[in-house]
Each structure stands twice: as C-alpha cells, then as structure tokens.
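Hi,

Here is the model I promised to pass on.

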Amino acid sequence: MNKFFLSMAVCFGLVSSGSVYAAELSGGESCEEAMKHAHYDVAVQQCEYEAEKGSAEAAEYLGYIYLKGKGAPRDWGLAKKYLEQAVDGGVVTASRYLAILYWNGLGVERSRDKAMELFRDCISYEEQNGGVSCKVQLAQTLSFGTNSLDDHRYAKDIYAGLVENKDYQYSLDLAKMHLTLGNDANAYKYAEFYIWWAKRYGDIEQIRLSMSEASVVKNKAAASLSDNQVNSAYTWVKNEIHKINEEHLQQKQATEKEKNVEVKK
C-alpha cells in the first residue's frame, strides 16, 4: 500500500512539474489564451509544448502560426506537419488552412482539386456541427484578385448565403465582390448596409478596422450610380435595419418574459 502511494506521489510530481513548465513558458497563458490575445511570441512556444503532448487544437494553432508567420517565420513544411496532425487528431476545421497550402502550392505540389476536397470536407463538417469558418476561408481564397471571374462569382454567392443567414458581418465582403464584378448598385447597397449594421451592432474594434474600408467601397460604387439607384439602395438598407431592430426587440422581450416566469416559479 505504501508503495502504491509512493507511486502516486511520483506521478503527481511529474504532472505538477509539467504544469509548472507550461506556466513558465506561457506566463500563465495556455496556447488558446495566447492566440486569443494575439500574444504570438508566447503562443509559438506554448502551442508547440501542447502539440508535442498530443493536443490537436494546439497543433491547429501552430499550423496557423507557421502558415501566417505570426510569432515565427513562415514555414510551409511545419505548417503542413502541424495542420495534418490537427486533422488526424479530429480537428477537421484545420483542413481549411491545409487547403490554402494546396491551393497556392506552398510547400506542396499545387493542386486545386486537393484544396477543394479539403474545403468540402471542412464545410460538410461545419454544416453538421455548426460554424462557418470553412465557408469564409473558401470565399476569401476564391476572392483573390488573380482568380477568375467564375471564382469571384462563387465567392460572391458564398458571402450572399452567409448574409442571408444573418451573418451580417460578411456584408462588407459581399459588397467588395459586387464591386469587383461590376455590380455597382449592389456594391453600394451592401457597403451602406454594413456601415449601418456595424454602427448599431458591431464592436468598437470592428468599426475601427473596417469603417473606412466600407466607405471606400461605397464611394467607388456610388460614382457610377444615378440618384434613383442611390435612393433605392438607401430605402432598402433602412428597411433591412428596421427588420433587424424588430428582431432584436422581440428577442429581448422574449428573454425578459422567460426571466419573469423563472422569478414567479
């Protein structure tokens, strides 16, 4: 029995030692926390430590770090290694970053077919489990200026679907694609909608980063529009924002009603 407790103490000591080492690496932050706060210099060490211990989530973050050059020099080989580790470990959404490598031929033989296969797997997973990150990454990849008009139309359709599904933050991306495709009336409409929506519901950081960009899209599109087209777009935007306001009001009332029912109980 004494030997059992001694073994347990040794095991606990090893685990504690590892935890202390992890804390020393991160300054108290986990890999996920460091990434969330954009502390990439900390993240690159902490994520490596956690990935070596078998964390598929940490491997995805590490793959992203090497893909984007955040906190470490870009390294396509390491990006591929860690992203494949993440996918093999069950983090299917990591395949959206792996797809970027194949789409652009970064450290691998360029293959659009392989990239699209990875995107499809990723999108299928999120359709069953929730999330839109894979669709967004595909749309961003398709919208590169060097791609074809068909790619740009495909990106536009993805963004339109996201906005239809009330993911309104992508209305600016939709406006950009309409501008690229020469659909100035729609570009103006969605840029104006984004500005109204962001001012009411977007956070300060989002407004700071994107408001001037939305104004540029809006002004470029407006240059070719008649007064009637501008007025028509303005009316549409006003009506859409009114609908969103009504939905928020109804949700608020429903929440308050539920709270009152709980209090009575």
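First, the ground rules. This is a predicted model, where local features need pLDDT of at least 70 and side-chain atom pairs count only at pLDDT 80 or more, while totals for chains, interfaces and linings use all residues. Residues are numbered from 1 along each chain as its sequence is written, and side-chain values use heavy atoms, with hydrogens and water left out.

On confidence (pLDDT is the predictor's confidence in each residue, from 0 to 100), the chain has a mean of 88, and 88% of its residues reach 70 or more. Helices here are DSSP runs (H or I, at least four residues), numbered from the N terminus. The pLDDT stays below 50 over residues 1-26, a stretch that has eleven contacts in the model beyond near neighbours in sequence; contact means heavy atoms within 4.5 Å.

Now the interior. A nonpolar core is a set of buried Ala, Val, Leu, Ile, Met, Phe, Trp, Tyr and Cys residues joined through side-chain atoms within 4.5 Å. Buried means under 20% relative accessible area, exposed over 50%, and partly exposed in between (1.4 Å probe, protein chains only). The largest core has 68 residues, and Leu62, Leu101 and Trp197 touch the most other members. Leaving aside residues up to four places away in sequence, Leu62 touches Val44, Cys47, Glu48, Ala51 and Tyr82. Another core, of five residues, lies apart from the largest one and includes Ala187, Tyr188, Leu225 and Ala233.

For helix packing, take a look at H7 (residues 112-129) and H8 (residues 133-142): their axes come within 8 Å and cross at roughly 150 degrees. H7 is therefore roughly antiparallel to H8. (Axes are lines fitted to C-alpha atoms, for helices over the stretch in contact, with angles from 0 to 180 degrees between N-to-C directions; under 35 degrees counts as roughly parallel, over 145 as roughly antiparallel, 65 to 115 as roughly perpendicular and the rest as oblique.) Among the residues that meet are Met116, Phe119 and Ile123 in H7, and Leu138 and Leu142 in H8.

Further along, the buried residues of H10 are Ser171, Leu172, Leu174, Ala175, Met177 and His178. They pack against H9, H11 and helix H12 (204-222). Asn186 lies in H11, and its C-alpha atom is 8.8 Å from that of Leu174, twelve residues apart along the chain. Asn186 is partly exposed, at 27% relative accessibility. Glu192, also found in H11 (residues 184-201), is buried, with a relative accessible area of 6%. Not counting residues up to four places away in sequence, Glu192 touches Lys218, Tyr234 and Val237.

Last, the backbone. Ala38 is not a glycine, yet has a positive phi of about 60 degrees; this residue sits in the loop between H2 (31-36) and H3 (40-52) and is partly exposed at 41%. Lys166, not a glycine either, has a positive phi of about 75 degrees. Its place is the loop between H9 (149-164) and H10 (171-180), and Lys166 is partly exposed at 47% relative accessibility. Gly182, which follows H10, has a positive phi near 85 degrees.

Cheers

Definitions and conventions. Helix = DSSP H or I, 4+ residues; strand = E, 2+ residues; numbered from the N terminus.
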